[in-house]
Amino acid sequence: MEEDNVNVNARWLMPPEGVIKINVHSFFTDQQLPNGNQSGIGVVCRNSRGDILRILGGSLCIENRRNNEYNAFMEGLKVAFVRNYTNIILEADHLDAYWDWIHSAIIGAPPQHARIVQQLNQRKADKNFHSVTRLVAPEDNHLAAYVAQYGAENWKHMVRFRRPFGRIMEIWISDMGLGEIGPQFEVLLEEEINMGLAQGEVEDPQVGQEGEASGSSGESNDLGLEDPEDLDLLDANLAMQE
């Protein structure tokens with residue numbers, strides 16, 4: 001029997017020039033994780049080239065699913081305010097929270113969420129700030145979703161990642177349409193190949209042309225996996241702290 005074709009359309013789409021796209025996601029589980037968390041939030045900011053400008057992940061220790069979804073929106077707007085991103089697209093994949101927030105000016109908000117919704121509307125009303133809020137499919141928000149779950153599993157506050165690493169780098173490369181990731185796809189320096197030959201570590205080198213793509217606005221020029229155990233990749237200060 002013939003199999004159905006797979007959807008091969010682009011997923012994450014770059015914003016227009018001069019616009020910052022901020023993807024947010026709320027992770028929530030009914031069963032506590034080993035560290036006691038039930039929730040996490042992921043925030044990923046990218047420019048019109050797709051360069052990652054900011055990654056935040058962690059937990060606010062919120063025990064209500066909808067409230068955590070609202071706070072995911074808020075964390076994205078906070079980053080925009082602190083970093084002076086005045087023209088943004090805010091994307092999330094939480095249908096109910098998105099619908100309730102967008103229509104709150106007409107139908108109001110549930111009492112238990114009224115404060116956070118009021119704060120979200122106050123941010124949107126800032127005349128010095130232009131934002132468009134969009135609902136996207138989960139597969140178009142894969143990176144923020146991974147960061148949210150990773151943050152929930154590891155921290156009880158929001159943490160700023162200095163640059164992409166491990167699975168985060170892999171998802172970013174996929175979002176950018178830059179192919180596969182793995183040792184055979186890494187770009188090596190000619191000196192490294194020659195050293196390997198001299199030491200008998202390389203038998204049949206394939207020297208490629210050095211690429212220019214970067215996952216974090218020029219901090220790294222190769223597409224290899226970073227070591228996820230390297231704690232220098234993480235800034236363990238609170239996310240809003242510079």
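**View A. Crossing of helix 1 and helix 2 in the predicted model.** The axes of helix 1 (residues 65-82) and helix 2 (residues 95-102) come within 9 Å and cross at roughly 70 degrees, and, since angles from 65 to 115 degrees count as roughly perpendicular, the two helices are therefore roughly perpendicular to each other. The crossing in which helix 1 passes helix 2 is right-handed.

**View B. Residues at the contact of helix 1 with helix 2.** Helix 1 contributes Arg66, Glu69, Tyr70, Phe73 and Leu77 to the contact, while helix 2 contributes Asp96, Ala97, Tyr98, Asp100 and Trp101. Divided by class, the residues of this contact comprise 6 nonpolar and 4 charged, with no polar ones.

**View C. Packing of helix 5 against helix 6.** Helix 5 (residues 142-154) and helix 6 pack with their axes 9 Å apart and at an angle of about 170 degrees, which makes helix 5 roughly antiparallel to helix 6. From helix 5, His142, Leu143, Tyr146 and Val147 meet Arg167, Ile168, Ile171 and Asp175 of helix 6, and the residues of this contact divide into 5 nonpolar, 1 polar and 2 charged.

**View D. The largest pocket and its lining.** The largest pocket has a volume of about 250 Å³, and of the 14 residues that line this pocket, Arg11, Glu170, Ile171, Ser174 and Asp175 are the closest to its centre. Helix 6 (residues 166-176) supplies the largest share of the lining, 5 residues, and by class the lining of the pocket consists of 4 nonpolar, 4 polar and 6 charged residues. Ile171 and Asp175, listed here among the residues closest to the pocket centre, also belong to the contact of helix 6 with helix 5.

Definitions and conventions. Residues are numbered from 1 along each chain as its sequence is written. This is a predicted model: local features need pLDDT of at least 70, side-chain atom pairs count only at pLDDT 80 or more; totals for chains, interfaces and linings use all residues. Side-chain values use heavy atoms; hydrogens and water are left out. Axes are lines fitted to C-alpha atoms, for helices over the stretch in contact, and angles run from 0 to 180 degrees between N-to-C directions. Helices (H or I, at least four residues) and strands (E, at least two) are DSSP runs, numbered from the N terminus. Angles under 35 degrees count as roughly parallel, over 145 as roughly antiparallel, 65 to 115 as roughly perpendicular and the rest as oblique. A crossing is left-handed if the near helix is turned anticlockwise from the far one by less than a right angle, and right-handed if clockwise. Contact means heavy atoms within 4.5 Å. Ala, Val, Leu, Ile, Met, Phe, Trp, Tyr, Cys and Pro count as nonpolar, Asp, Glu, Lys and Arg as charged, and the others, Gly among them, as polar. On a 1 Å grid over the protein atoms alone, a cavity is a set of points where a 1.4 Å probe fits but cannot get out, and a pocket is an open set with protein on both sides within 12 Å along at least five of seven lines; lining residues have an atom within 4 Å of a point. Grid points are joined across faces, edges and corners, and a volume is the space filled by probe spheres set on the points.
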